[in-house]
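Keep the sequence and the 3D view open as you go.

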Amino acid sequence: MTTAQVEVITSVQRRRRWSRAEKERIVAAALVAGANASAVAREAGIHVSQLFRWRQQLCERSQGAPRFAAVAVSPEPALAASMLSAPPNVIEIEFATGGRMRITGPVEASTVSGLIRALANGKRRRR
C-alpha cells in the first residue's frame, strides 16, 4: 500500500507590496562591495531578476533628464570689460568638467541640447 501526499490550500496568497524604502535597502545591500546579488535576493525572499529590475528602476530615476540650472548674471568689474570686447549675439558656457561651448548666431535647439549633454557628461580636464 502506498501513501499519497495531499496539500490543502486554504487561502490565496497575494503579491507582496514593497515600499520604496524596502526596495532601496535591499538594492543598497546588493551594491555593497563584495556582495552577492543572488544571496541578497534569497535573504529578502525575492528572485534575483526582481532585484536587478529594482536596481535599474531606482538608478534611472536618480539620473533623470538633463535640465538647465538657474543662472544669475552679475559680471565682475574685470569681467565686464572683457565682455564689452566680445562680439554681439554670443553665448559662452563653461562646464564644471572643463568643457567650454561658444554659440554664435542662430543654432538649432537640438544641436545645442546635444552639445550640452556631451560636454556635461565629459570627463574633467586636468589643469
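## The chain as a whole

Of the contacts in the chain between residues at least 6 apart in sequence, 37% join residues at least 24 apart; contact here means heavy atoms within 4.5 Å. This is a predicted model, in which local features need pLDDT of at least 70 and side-chain atom pairs count only at pLDDT 80 or more, while totals for chains, interfaces and linings use all residues. Residues are numbered from 1 along each chain as its sequence is written, and side-chain values use heavy atoms, with hydrogens and water left out.

The chain holds 5 helices and 2 strands, in the order α-α-α-α-β-β-α along the sequence. Helices (H or I, at least four residues) and strands (E, at least two) are DSSP runs, numbered from the N terminus. Buried residues account for 15% of the 127 residues in the chain; buried means under 20% relative accessible area, exposed over 50%, and partly exposed in between, with a 1.4 Å probe and protein chains only. The accessible surface of the chain is about 11,500 Å², and carbon and sulfur atoms contribute 53% of that. These areas come from the Shrake-Rupley method with a 1.4 Å probe, and for residues only the protein chains shown count as cover.

Helix α1 covers residues 20-31, 12 residues in total, and spans 16 Å from its first C-alpha to its last, close to the 16 Å expected at 1.5 Å a residue. The expected span is 1.5 Å times one less than the number of residues in the helix.

Which residues of α1 are buried? They are I26, V27 and A30. They lie on the same side of α1, because they cover an arc of only 95° around the axis; the arc is that of the directions from the helix axis to the C-beta atoms. A21, R25 and L31 are exposed on the other side of α1. An α-helix has 3.6 residues a turn, so residues three or four places apart point the same way.

## Helix α2

In α2, the buried residues are A37, V40 and A41. Their arc around the axis is only 95°, which puts them on the same side of α2. On the other side of this helix, R42 and E43 are exposed.

S38 also belongs to α2, which runs over residues 37-44. S38 is partly exposed, with a relative accessible area of 35%. Between S38 and S49 there are 9.1 Å in space, C-alpha to C-alpha, and they are 11 residues apart in sequence.

## W18 and its partners

W18 sits in the segment before α1 and is buried, with a relative accessible area of 19%. Leaving aside residues up to four places away in sequence, W18 touches K23, I26, A44, I46 and W54. R16 lies over the face of W18, 3.9 Å from the ring centre; a charge sits over a ring if NZ of Lys or CZ of Arg is within 6 Å of the ring centre and within 35 degrees of the ring normal.

How many aromatic pairs does a search of the whole structure find? It finds 1 aromatic pair. The rings of W18 and W54 have centres 5.4 Å apart and planes at 65°, so the pair is edge-to-face. The pair links distant parts of the chain, 36 residues apart, with W54 in helix α3 (residues 48-63). Rings of Phe, Tyr and Trp (its six-membered ring) pair if their centres lie within 6.5 Å, and planes under 30 degrees apart count as stacked, over 60 as edge-to-face and the rest as tilted.
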